[in-house]
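Visitor: I am new to reading protein structures. Could you walk me through one, feature by feature?
Guide: Gladly! Let us look at it together.

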Amino acid sequence: MNHHLKAIKISDKVYWVGAIDWVMRDFHGYHTRRGSTYNAFLVIGEKPILIDTVKAQFKDELLTRISSVMDPKRIKYIISNHTEMDHSGCLPELIDITRPEKVFASINGTDALNEHFKLSQEITPVKDGETLNLAGLKFTFLEARMLHWPDSMFSYLNDEKIMFSSDAFGMHLASSERFDDELDQSVLEYEAAKYYANIILLYSPIVLKALERVAKLGIELKMIAPDHGPIWRRNIKRVLELYKKWAEQKPAKKAVVVYDTMWNSTGKMARAVSDGLASAGISVKVMKLREDHRSDVVAELLDAGAVLIGSPTLNNNIFPTVADLLVYLKGLRPKNKIGAVFGSYGWSGESVRHLKEKLEEMKIPVVAEIQSKYVPAQEMLDQCFALGAQVAERLKEVCK
Ligand code: FEO
């Protein structure tokens, strides 16, 4: 008998049978410095049910955990909440091994799974709001389009009051603990916010509707079990409040000064700008793009009301790392922020104009700009400080 990789009981009928990815540091461009988990769940009843699978390379871990409770061949139903391959990667093989009576997915999920794989079994689509009695276990399925893909859905196990929420409410955090209350709360909230900022932010209007819908349904939630990171059981109210807050994107008195630099001229400007902001009572984060990853920058921007971007002019353009951030940020559609731009140059000096255009394309109004020829002298640094103070005053007005 394998004493490792056991299933972990999370409620009367439900076991966690997922995989812990301690070493993954890149999730399609998101720096996951604490790794992640791919959560799959086994619901024990007359006809056992598997909810989601794991990344393909973790198939043995999934099967070993299931086998610690029962023979995987006894699984009679599989529910696929989301087609992305970190959750469906083992689905073709699990279908082949278990030969289940039915495999369920949303209507979009049914198409998406068939477009991903050549499955040996038909998928049974479930409708939004549909409730099925699966050999005595009552599941209600809720479409959660774009949280995270068009196929995403939530599955609610009525008997245990557990919402299996797929990517929503998840985080990239590998841990030996399975529940929110077993982990450091500040780490938990930081990683949940970082996940929201990098994965969910652009779908914020949909999040607000989904929260309203769940509230209206009056569903009791004993647990929210996402497909990444810990299961929420103690802090359910808190994570729902945080999702509402993040989705609303109300500006706060916080600014992020983000830049890159060649000979530290733009770096000096960034320091002076940030001192100006801080002197006016604004909380500031200063981030240099060759040291700070784009995914950490957008995490800091989640609750910031101002973004101040600095770039030197390099070959008539902005610095490549700054361009990378701007492309990434534009895709995430941040709202309710004000902007400012700064940078040094030697002769042509296009960077500030380009930065301004890019922010305006994102509908971030640029309230101040400044550029320095070559190395900023004290007078220029004083002007940068004043620019920071000026942005601070504008931000205070916006936050009123
Ligand atoms: Fe964790 Fe959208 O997959």
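Guide: Of the 400 residues of the protein chain, 57% count as buried. Keep in mind that this is a predicted model.

Visitor: What are the dimensions of the C-alpha trace along its principal axes?
Guide: The trace spans about 75 × 40 × 35 Å. The secondary structure of the chain comes to twelve helices and 21 strands.

Visitor: What share of the contacts with a separation of 6 or more comes from residues 24 or more positions apart?
Guide: Such pairs account for 72% of those contacts in the protein chain.

Visitor: How many bridges join β17 to β19?
Guide: Five bridges join β17 (residues 254-259) to β19 (residues 306-310), and the two strands run parallel.

Visitor: Which residues of α12 are buried?
Guide: They are Met380, Leu381, Cys384, Leu387, Gly388, Val391, Ala392 and Leu395. These residues cover an arc of only 140 degrees around the axis, so they lie on the same side of α12. On the other side, Gln378 and Glu379 are exposed. The cover over the buried residues of α12 includes α8 (265-279), along with β17, β19, β20 and β21.

Visitor: Why is helix α9 described as largely enclosed by the rest of the structure?
Guide: Count the buried residues: in α9 (residues 294-301) they make up seven of the eight, so the helix is largely enclosed. The buried ones are Ser295, Asp296, Val297, Val298, Ala299, Glu300 and Leu301. They pack against β5 (30-31), α5 (185-200), β17, β18, β19 and α10.

Visitor: Now a single residue. Is threonine 313 buried or exposed?
Guide: A residue counts as buried under 20% relative accessible area. Threonine 313 has 15%, so this residue is buried. Threonine 313 sits in the loop between β19 and α10 (320-332). A polar atom of the threonine 313 side chain lies 3.2 Å from the backbone nitrogen of glutamate 350. Beyond four places in sequence, threonine 313 touches Met262, Ser344, Tyr345, Ser348, Gly349, Glu350 and Ser351.

Visitor: Where is valine 207 placed?
Guide: Valine 207 belongs to helix α6 (residues 204-217). With a relative accessible area of 3%, valine 207 is buried. Setting aside neighbours within four places in sequence, the contacts of valine 207 are Leu147, Tyr196, Ile200, Tyr243 and Ala247.

Visitor: How many strands form the open sheet with mixed pairing?
Guide: Seven strands form it, in the order β1-β2-β7-β8-β9-β10-β11. The edges are β1 (8-9) and β11, each pairing on one side only.

Visitor: Which strands are joined to β10 by three bridges?
Guide: Strand β9 (residues 77-79) is joined to β10 by three bridges, and three bridges also join β10 to β11 (residues 124-126). Both pairs run parallel. Find phenylalanine 104 in β10: isoleucine 79 stands opposite this residue, and phenylalanine 104 also stands opposite threonine 124 in β11. Four of the five residues of β10 (residues 102-106) are buried, so this strand is largely enclosed by the rest of the structure. Finally, helix α4 (residues 107-116) lies across β10 and β11, running at about 110 degrees to β10.

Conventions:
Residues are numbered from 1 along each chain as its sequence is written. This is a predicted model: local features need pLDDT of at least 70, side-chain atom pairs count only at pLDDT 80 or more; totals for chains, interfaces and linings use all residues. Side-chain values use heavy atoms; hydrogens and water are left out. Two strands pair if DSSP finds at least two bridges between them. Buried means under 20% relative accessible area, exposed over 50%, partly exposed in between (1.4 Å probe, protein chains only). A polar contact is a pair of N or O atoms within 3.5 Å; within protein, one must be able to donate a hydrogen and the other to accept it, and residues adjacent in sequence count only if both atoms are side-chain atoms. Contact means heavy atoms within 4.5 Å. The arc is that of the directions from the helix axis to the C-beta atoms. Axes are lines fitted to C-alpha atoms, for helices over the stretch in contact, and angles run from 0 to 180 degrees between N-to-C directions.
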